[in-house]
Each structure stands twice: as C-alpha cells, then as structure tokens.
Amino acid sequence: MKLSEIAQKTGASFDGEDIEIFALNSLKNANKAELTYCDGEKNAKFISGSNAGAILVTKNLLEFVPSGMTALVCDNPHLAFAILSKDYAKPLFCEKKDSSIDPSANIMPNVYIGSNVVVGENTVIMAGAFLGDNVKIGKNCIIHPNVVIYNDCIVGDECHLLANCVIGSDGFGYAHTKTGEHVKIYHNGNVVLGNYVEIGACTTIDRGVFESTIVADFSKVDNLVQIGHNCELGMGCLIVSQTGLAGSTILGRNVVMGGQSGSAGHVSVGDFAQVAARGGVSKNLEGGKKYAGAYPIMELAEQFKLQAKISRFFKKK
Amino acid sequence: MKLSEIAQKTGASFDGEDIEIFALNSLKNANKAELTYCDGEKNAKFISGSNAGAILVTKNLLEFVPSGMTALVCDNPHLAFAILSKDYAKPLFCEKKDSSIDPSANIMPNVYIGSNVVVGENTVIMAGAFLGDNVKIGKNCIIHPNVVIYNDCIVGDECHLLANCVIGSDGFGYAHTKTGEHVKIYHNGNVVLGNYVEIGACTTIDRGVFESTIVADFSKVDNLVQIGHNCELGMGCLIVSQTGLAGSTILGRNVVMGGQSGSAGHVSVGDFAQVAARGGVSKNLEGGKKYAGAYPIMELAEQFKLQAKISRFFKKK
Amino acid sequence: MKLSEIAQKTGASFDGEDIEIFALNSLKNANKAELTYCDGEKNAKFISGSNAGAILVTKNLLEFVPSGMTALVCDNPHLAFAILSKDYAKPLFCEKKDSSIDPSANIMPNVYIGSNVVVGENTVIMAGAFLGDNVKIGKNCIIHPNVVIYNDCIVGDECHLLANCVIGSDGFGYAHTKTGEHVKIYHNGNVVLGNYVEIGACTTIDRGVFESTIVADFSKVDNLVQIGHNCELGMGCLIVSQTGLAGSTILGRNVVMGGQSGSAGHVSVGDFAQVAARGGVSKNLEGGKKYAGAYPIMELAEQFKLQAKISRFFKKK
C-alpha cells in the first residue's frame, strides 16, 4: 500500500514522498520499507533511533520524527495501526509448498499438516494435532492429541506439548474507537519454544505482534497457563498451573511462578526469583528473592510478617 | 409427559386436570403447555405473572399460585425439576436435515458438521472443529482448529473463535439430594454471539438453562475465560484472560474485566465500569467507575488508599 | 535394568546383590523387584515398612534401610529417580491388541481409539475424541468432542466428559539439577473416575506418578479446573470453575470448592467442608465447616468479621 492510501484509510496527513509500505513493524525493528507508530509520549524517545520509513504519530510528537522518516499525523496512531494491521496481516494460508517430515517421525491419524512444515527425527505428532503453515518442530518431540500450533511457530528438540494446548494464537490486542468499538490488531509474530520445553494441557501461548513470544530451553509450563503476546521466559523457568502472564512480561532464568500467580504487562522478574502461589507481579522484581502477595507484592518473609501482624492486631479488636 | 406421570416421578401431588406437559421453562417464559418451578420465597412474587400451565412448588408457596396454573406440591421443587430435565432434554442428535454451507465457505479437513447447520459467506471452519446440530454461523468468520460449538448455538458475522474454545457446554447446575448426590440439570438453552465477537483459545461459554447466554457485538473475550450459563455481556465488553463469570452475571456495555477477575452469580455491572485484575464482583456495581479488590470490592482509588493505609500502619507495629 | 547399571547411570553406590529392577514404585507399594526412593528426612520413617527390593537414599538416611533392602546411596535421590523414570516409563504405544467396543456404543467420526480399549453399552464417543491404549469407559457415558483420555485411564458408568477436557496428562513433576535444569518425572499412574462423574470443558486432570488420581462417584467438576497428580476427591464433591488442586490434595466426601479456589499440595479437606470462592487451602481443614480467605484461610464467619474490622478501623484513619 502507498502512503497516500494509508493516509486516506486512517485519516492521517503527511508531507513527502508517496513511498510503498510493505509491512508494519515495531519502532525497534522497522526498516525503510516499513511503517511504524508511536503511541504516547513515553515512547517518543525511541523514535529518533528507529529506521522506519514512515511513522504514525500525533501532532505533538512531530518534533521527534527525524528527517528521512515520513510522519503520518493522526489523532490516534494506535487505532490507525490496528486498522492497517488487517491489510498487512499474513494470509490465513500461505502459498502451497511441500512439507519436510522426517521418515522416522510418527504422524498419527487426523493430524493436519499445513504447507512448508518441518518435523524432525523421531518426533511423534499425535491424533488431532494441527500444525499450521511454516511450523518447524525439532527432533524427539511429542506433540500430544489435539494440540494446535499456529502458522510460523517454532518448537525446538525434546519438547512435550500436552493435549489441547494452543501455541501461537493471536494476542488480546485491540485499539479502541471513540464510540467504544474495539479494532483487532492482527498479530504477525510467532512463538518460539526452545529445547526440552514442556507445555501443559490446555495452556495457551499467544504470538507476538511483530516479534516472537519466547520460552527458552528447559522451561516447564504447567496446565491452563496463559502466556500473553511478546512474553519472554528465560531458561529453566517453572510456571505452575493457572498462572497468567500478561503481554510483554519478561522472566529471567529459573524464575518460579507459583500456582494461580499472575503478572501485569510490561514487567520483568529477575533470575532465580520465586513468586508464591497467587502472587501478583505488578512491578519489576529483583532476582534471587522470594515474593508473595496479590497487591502489593512484597518479599515473602515480609508478607508473612504483615499477615501475622494484621491477624494479631485485629484479634484484640 | 402427563402431570400424573410427573407427579409420580417426583413425588409431587396435585389437584386438577391431568394436562400434557411439552417442555420445562422458566417462570418468565413458560406457556400453558409448559411446566415451571419456584425455588424459594424470593421468587414467589414472580409466580402470579407467569403463564406456565403448571408449577412445582413447596406447600408454603401454594397461596401464590394463580387459578388456571396447576400446582405440583413437593418438598424440593429444584430437585424435582432437575430429575425431569433429563426427560425433557433435547436429544444429543436431532433429526437428520441438510446443512446449508455457503459455496464460498472453506471447510478444512476433519471438521464435523451436524444436521441443519448454516455456515455463511467466506467463513472458514478450520481443521478439527465441531459444529453441532442447528448451529448457525454468519459470514466472514474464522472458526479456528478444534473449536467445539454445541447444538443450537448461534455465531454472528465477522467473529473469530480461537483454537480449542468451547461454546455451549452444559452449565454447572445440579440439584442436591438429602443423601448428598447431585442431580444434573440438563440445559436446553444455547449461546448467542453477536457480530465482531472474538473468543480466546481454551475459553468456555456455557449455554443457558432455558434461554441464551449472550455475548453482544464487538465484545472480545481473551483466553481461558469461563462464562457461566445465562450470562449476558453487553456490546463492546473486554474480558481479560482467566476471568470467571458465574452464572447469570449481567455486564452492561463496554465493561472491562481485568485478568483473573471474577464475579459471583446473579450480579450486574453497569455500562463502562472497569474491574481491575483479580477484582471479585460480589455485588451489583454502578457503571462508569473503576473497581478493585477481591473481597470486598470497592472503587479503585479507595482500594489503593486502603492498601496504603494498611501498609503504613503495620510498618510501625 | 540391573542395580549396577542404575548405580552407574545415577552416580549412586551400593553394596549387595546386583538384582534386576523391573519397575520404580512408591515407598508404600514397591515390591521386591522394584526400586523406590526416599526424599528427605520426613519420609524416613516409612522406609522400614517398605517392601522395596532397593532404595535410593542419601547417606544420612542409610541407618533407616532395613536388611533385605539394598541401599543405593547418592546425593539427590529425587533427581536419580527422575533420571530413571524415563527408562522405566511405559511406552507411548502399547502392544497392539483388539479393543472391545459394545455394539450399542456410538463412535462418531474422527475418533482415535488405541489398543485394548473398552467402551461400554450406549456410550457415545463424540467426534475428535482420543482414547489412549487400555482406556476403559463404562456404560451410558458421553465423551464429548475433542476430549483426550490418555492411556490406562478408567471412566465409570453414566459419566459426562465435556468438550476439550484432558484426562490423564503427566503431572507437573520435575527434579532439579545443580545447574538449574529440570528433569522430567515420567508418570506411570492413571486417572480413575467413578460413576456419575461430570468433568467440565477444558478441565485437566493429571495422572498419578505411580498410583491413581481419583475422582469418586457423583463428583462434579466444572470448566477450566486443574486437578494435580495423585489428588483424591471423595464422593459427591463439587469443584467450581477455575479451581486448582495441587498434587496430592485429598478431599473428603461432598466437599465444595468455590470458583477460583485452590489448594497447596499434600493437604486434606474433611467431609462436607465448603471453601468459598478464591479460598486458598494452605493447610488441612476439618470437615463440616465453611472456610474463606486466600491467606491465611479461616472459617468463613471469622473471615467476614476480620474484613469488616479492617474496613471499619481504616475508615477512621
């Protein structure tokens, strides 16, 4: 789509060359043929470092746009981006190409294998599983019954994906109109699972908007866990059942999230930190410590003390 | 079944004509050929307005039953109703009728399509999906892999149902015997999704007992959410991951439920209200405000203040 | 595998006859041809009562090992056991044997039926379901679409398993190396569901390590519930949506767990106890009482009083 078309579609205005835009991308990764957007003042400082060919911005951020990057000025860049994301979404099915299934792999009945799929040595794909286009699965994996792996996702070696888990669903991302409608942001990223990763039954891992949601080597995720778009889990994390990680949560290595714990989006947890069951990570947490509490979260020992104080104090009242 | 048979089956007694009962229904919607029940004094005031042909009641509520409605008196009307619900349940499979699949629709392999199903223009039904009898799906929808849509459910236009979600499962409703058994209430209602609705991966939406569980236009539901029987979500609601709405929760328009939030049954939340992550809606909430807290829930600002006071107070102790 | 091979594989040392070990098993159930392990001092008292042929122990527990049981001394018996569990895991597919499907059973399309499966009278197996090897299902059951029942699991009569639930997945059990890797414990137990059991949509029930995870007659489990390995639910329990029971939770009969409640592992709840929504069972609870609270849990009335006191006290501050 040309910038002029994009401007018309989104109600944006621009000065400059009417270049062709081949894709949408993040501020960080967009190139000269791609369009990005800046949503709010807190990200304005990243504009000058971007290599995007064009950017959707509000008028007040215009001053941050460097020469060589075309500004498309509009009221709501996030909404404009969402509207465009449908046009730039990857098609539901890619061009038909042969898949490469290792002869030693065991593909059970009623499995769907898309186009350009790779399945490695000795991997078992159990009945009812769905492997979307361009999915790559390493060796010695077991993809259990009725698992769904969406287009473009990558699974390392020696992984176990338990029954009915879903890898690579679209994230829960919408822009909002003034009249209260929500415009879907189509997600073009993927999910990348390392080696020796285990994903529990009925667990869901959403794909990134542009980039990858990552679960690094040796991480183990229990049943019914939600991992939002663009999360990154370091090596050897343990995520206990019914935990929910909101989008862009970053866990270091060997982080433990107890059962039914959760995180707000865009927070990070340091290496070897442990969050107790039901803990709610609402801010960045230093590594190497134990934490507990829904709100506010604090160090485990402190939380125990606080609860004991509360009990003691009100017993007398 | 005739009233005499029903009376015998449930241990109820009645005076009057032995009419044939064709269905069970709610106090509100039952007609002259249908049987309803009244469970407890708080609903007694609705009896006189009902058009039911007959009603299961306890002896003490007999006075509320108008002339022209036959009273079946028993100790536990809810239990009697549950016992009968099996007899009046719709059969698992309806009479074989042709389905109407638009020629432009794309039905992938291993899809099950029941009897009398309608699939609209350009809709894609991905591999492994299940469409029960009488299911109607509008145009431009994507029903993702391994989605299950039970009998009689209706999906509007432009909807996305993500992998492994379940639409129209029986609600969690039982009547209890004196000896601690639970008698299943068969659910004859359905689920109705409006237009532009998105349902997340592994999310479950139960059908109504008699009527519909409703998700109105533009509402978006994240992964691993539970929506109980007879819930009604207004237009443009956003339900974040792992939220659980108990039966008969009523949300106005553009209500936001944060991650891992919940509601008790039979509560309502007003238009544009926002419930923070982990919020527990235990009572009706006015619209246009932000709320937080597990128990008791209160306005967000108030909750923040309370938590700060608690922290400050006990720091000194 | 002979003890000498086991010793070499795990870095353990032993004195005595180099017997053949045919299986791994628990302290309680291991026989003379089986190997068990003792993990920590608190279980040391059970060693002398075990009939195991051999045991993995740390040096300091050597004194508890009776004569006639060979001790394999190592630094981390739990890790040694996890390493061996892969070798002793049942194969993914058992030897091909005929299944026994009652002629009155209805097997819908795209169902996978493994080896040596039994399906009883009038049972319906809906489309996309997966029945692993040796699965036994009683009569008058409905196994809904896309349900996965893993190898060796047993389902009684009159059960309803709702869409996309998963019965018998491996539990979330790992041993940990010094360098932060997690070694999977392969689970050879199963899940046993009694009669008149109902399991909700997208609910997951993990198999026991050696023994069975049990859900007794008349128990009803709602949608999106997690039941960990080796849990035991007594008769007539009601487990409301999104509850999570950690491994080895023992519920008596007619226990009610409210929505989004949870339990820590290795706790028990007495007969007829009721845990309110969001309650967190962190210790053993007596039967016949109502409980509430995330941490600490207490009797419901007490919790209400405490919350009221807190509100009142801080209103004045």
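Student: How many residue pairs between chain B and chain C are in polar contact, and what makes a pair count as one?

Tutor: Between chain B and chain C there are 25 residue pairs in polar contact, with both residues at pLDDT 80 or more. A pair counts because an N or O atom of one residue lies within 3.5 Å of an N or O atom of the other, one able to donate a hydrogen and the other to accept it, while residues adjacent in sequence count only if both atoms are side-chain atoms. Please keep in mind that this is a predicted model, in which local features need pLDDT of at least 70, side-chain atom pairs count only at pLDDT 80 or more, and totals for chains, interfaces and linings use all residues, and that side-chain values use heavy atoms, leaving out hydrogens and water. Residues are numbered from 1 along each chain as its sequence is written, and chains are lettered from A and ligands numbered from 1 in the order in which they are written.

Student: Why is the pair of C:Glu198 and B:Lys184 called a salt bridge?

Tutor: The term asks for a side-chain nitrogen of Lys or Arg within 4 Å of a carboxyl oxygen of Asp or Glu. The closest N and O atoms of C:Glu198 and B:Lys184 are 2.8 Å apart, so the pair meets the rule. Across the interface of chain B and chain C, the rule finds one salt bridge.

Student: How do you know whether A:Lys184 and A:Asp170 are buried or exposed?

Tutor: Buried means under 20% relative accessible area, exposed over 50%, and partly exposed in between (1.4 Å probe, protein chains only). A:Lys184 has 8% and A:Asp170 has 18%, so both count as buried. Their side chains meet in a salt bridge (2.8 Å, N to O). A:Lys184 lies in strand β18 of chain A and A:Asp170 in the loop between β16 and β17 of chain A, so the pair ties together parts that are 14 residues apart in sequence.

Student: What links these two residues to chain B?

Tutor: A:Asp170, A:Lys184 and B:Glu198 are linked in a network of salt bridges, and the side chains of B:Glu198 and A:Lys184 meet at 2.8 Å, N to O.

Student: Where do B:Lys90 and B:Asp152 lie, and what is the distance between their closest N and O atoms?

Tutor: B:Lys90 forms a salt bridge with B:Asp152, the closest N and O atoms being 3.2 Å apart. B:Lys90 is in the loop between α2 (77-87) and β5 (100-101) of chain B, and B:Asp152 is in the loop between β13 (148-149) and β14 (154-155), 62 residues apart. B:Lys90, at 46%, is partly exposed, whereas B:Asp152, at 15%, is buried.

Student: Which residues of α1(C) are buried, and how do you know on which side of the helix they lie?

Tutor: In helix α1 (residues 3-10) of chain C they are C:Leu3, C:Ile6, C:Ala7 and C:Thr10. These four cover an arc of only 100 degrees around the axis, which puts them on the same side of α1(C); the arc is that of the directions from the helix axis to the C-beta atoms. The buried residues of α1(C) pack against β2 (34-37), β3 (54-57), β4 (70-73) and α2 (77-87) of chain C. Just after α1(C), C:Gly11 takes a positive phi of about 75 degrees.

Key
Helices (H or I, at least four residues) and strands (E, at least two) are DSSP runs, numbered from the N terminus. Contact means heavy atoms within 4.5 Å.
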